[in-house]
Amino acid sequence: MTDIVQVKDLTKRYDNGFEALSGVNLNIREGEIIALLGPNGAGKTTLISTICGITQASAGSVTVGGHDIVEDYRRARSMIGLVPQETHVESFEKVVRTVQFSRGLFGKRRDDALVEKVLRSLSLWEKKDSKLMQLSGGMKRRVLIAKALAHEPRVLFLDEPTAGVDVELRKDMWEVVRGLKEQGVTIILTTHYIEEAEAMADRIGIINKGQISLVEEKDALMRRLGQKTLQIELAEAVEAVPEALSHLPLTAEGGRLVYSYDSQSDHTGITGLLNEIRDAGLQMTDLQTRQSSLEEIFVSLVKEDA
Amino acid sequence: MNLYAIKAIYIFEMSRFFRTLWQSIVSPVVSTSLYFVVFGAAIGSRIDQVEGVSYGAFIVPGLIMLSVMTQATTNASFGIYFPKFIGTIYEHLSAPVSFLEITLGYVGAAATKALFIGSVILLTAYLFVDIRIQHPLAMVAFLILTCTSFALLGFIIGIWAGNFEQLQLIPLLVITPLVFLGGSFYSISMLPPVWQTITLFNPVVYLISGFRWAFFGTADVPVGLSLLAIAGFTAICLATIAWIFKTGWRLRD
């Protein structure tokens, strides 16, 4: 897979000395969905704004489709669609006209059929003649997506696409994004909702304090860092791990015994563990396994960084 | 050249104008009529001809200039300030457009609106006074140049302004006084000699003088100088805008 976006040593220092990005390196593969996770103020939006041309980089370079975003900004930007975090819209403008405007602004000939297709795919066609101020927040966000797609970009940046969107719309939005991926659009999304990254992304990038601390395949990341735990419920609650079992990697939590293991490993040690518990004369009443979520992984990574 | 972008911005700006077309027409017509009633009929009847032209007719070019300069400036400044204010400017900044294309779209639309209003005022003037335009082509050329150059100035103001007060500050504090003191309602030759010299530092004098020459064939300063002044003013504005987009001043972080 080729890299469609290449970010090299990108640094953004503001006039007041604050460094929002400190030498970011990131390659984005064509056709993937990559989620950038990070706490507030980590530099997610600055990164996107710099790639899209809204913010000027202090150092480093970015290419999109091989075109430098400064030297060859026309070709680079033609390939990019941006859905910003805030739902800023021209209140008095009609949906269909604002989408046509975006297409024109990006140098494309008017194409009513394409605009209709985009609006239909986002369930906006019925609202095409509504003024933007008449739309709900979720609908406005869809309009922003439609505007970003109006010039048929190959790379789409979604900055917190589901912030402030209710659960149902969020799921709809995920469907929309998956549909775009199927059409071959590369998608970069930033999010606070780890659930979102977990549900959609092929790769996860973690950004913290202006640096990318990790980029990895989501599944591999979860496998690598995702520990599984076995929770053993006992007939009689225990305060601490019984003496007979102290040589095992066990902890006592809330009266239960908790065993951490790597589910990918050939030898999980579960059979031996259960035998030893039985031999120790403890009676088990229930067993549960739990995979740590991306959220837990994320929190532990950001903590390590701090 | 991204012609579709220029067209998109131009159409977008013009559609806002057409949404409020009646307000756009009524206000200049009413204010022009008031000027004619006050200066033309009430005061003008006591003033002799100025440079062989009745006073009512003499003030027509100045009145048109006053409106055109104010309209061009405010329309262009509002046009670019508004997306900055509501945040939709992100789209312009991330689009494959050059500064020239954005400027052409906004300034073209603002100049068109000002030209339209200038024409409305001229037509209104015909209701009150008898005017014969000696150099119609030059009149149109001066009008277009003034609309364009002041729209460029307005564009700069719109980028500079940090709030709505600042947006109105320059037209109110700079343009209106310069136009009033630039010979809109009098000939410079009517001033005492010292003020005649001071007045020559007012750039608007050259614009009004040239415009009036196109109407009546008389001018305070040579027409060539007027053209030169307009060209110089336009060049300064264009250079400023080019610098703004190069550095991202007040636009890009």
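Where in chain A is the place of A:Lys209? In this predicted model, A:Lys209 sits in the loop that joins strand E9 (203–208) to strand E10 (211–217) of chain A.

A:Lys209 is not a glycine, yet its phi is positive, at about 50°. Its relative accessibility is 54%, and the cut-off for exposed is over 50%, so A:Lys209 counts as exposed.

A:Glu160 is another residue other than glycine with a positive phi, here near 50°. A:Glu160 is placed in the loop between strand E7 (155–159) and helix H6 (167–182) of chain A. Is A:Glu160 buried or exposed? The relative accessible area of A:Glu160 is 5%, and buried means under 20%, so this residue is buried.

## A buried glycine in chain B

In chain B, the loop between helix H2 (21–43) and helix H3 (55–86) contains B:Gly44. With a relative accessible area of 10%, B:Gly44 falls under the 20% limit and is therefore buried.

Which residues does B:Gly44 touch, leaving aside those up to four places away in sequence? They are B:Val38, B:Phe39 and B:Tyr55.

## Overall form of chain A

Chain A is built with ten helices and 14 strands. Its radius of gyration is 24 Å, whereas a compact globule of 306 residues would have a value near 19 Å. The C-alpha trace of chain A extends over about 80 × 45 × 40 Å along its principal axes.

How much of chain A counts as buried? The share is 48% of its 306 residues, and A:Glu160 is one of the buried residues. The accessible surface of chain A is about 14600 Å², and carbon and sulfur atoms contribute 45% of that area.

The charged side chains of chain A comprise 38 positive and 46 negative ones.

Terms used:
Residues are numbered from 1 along each chain as its sequence is written. Chains are lettered from A and ligands numbered from 1 in the order in which they are written. This is a predicted model: local features need pLDDT of at least 70, side-chain atom pairs count only at pLDDT 80 or more; totals for chains, interfaces and linings use all residues. Side-chain values use heavy atoms; hydrogens and water are left out. Helices (H or I, at least four residues) and strands (E, at least two) are DSSP runs, numbered from the N terminus. Buried means under 20% relative accessible area, exposed over 50%, partly exposed in between (1.4 Å probe, protein chains only). Contact means heavy atoms within 4.5 Å. The radius of gyration is taken over C-alpha atoms; the globule rule is 2.2 Å times the number of residues to the power 0.38. Accessible areas come from the Shrake-Rupley method with a 1.4 Å probe; for residues, only the protein chains shown count as cover. Lys and Arg count as positive and Asp and Glu as negative; His and the chain ends are not counted. The place of a charge is taken as NZ of Lys, CZ of Arg, CG of Asp or CD of Glu.
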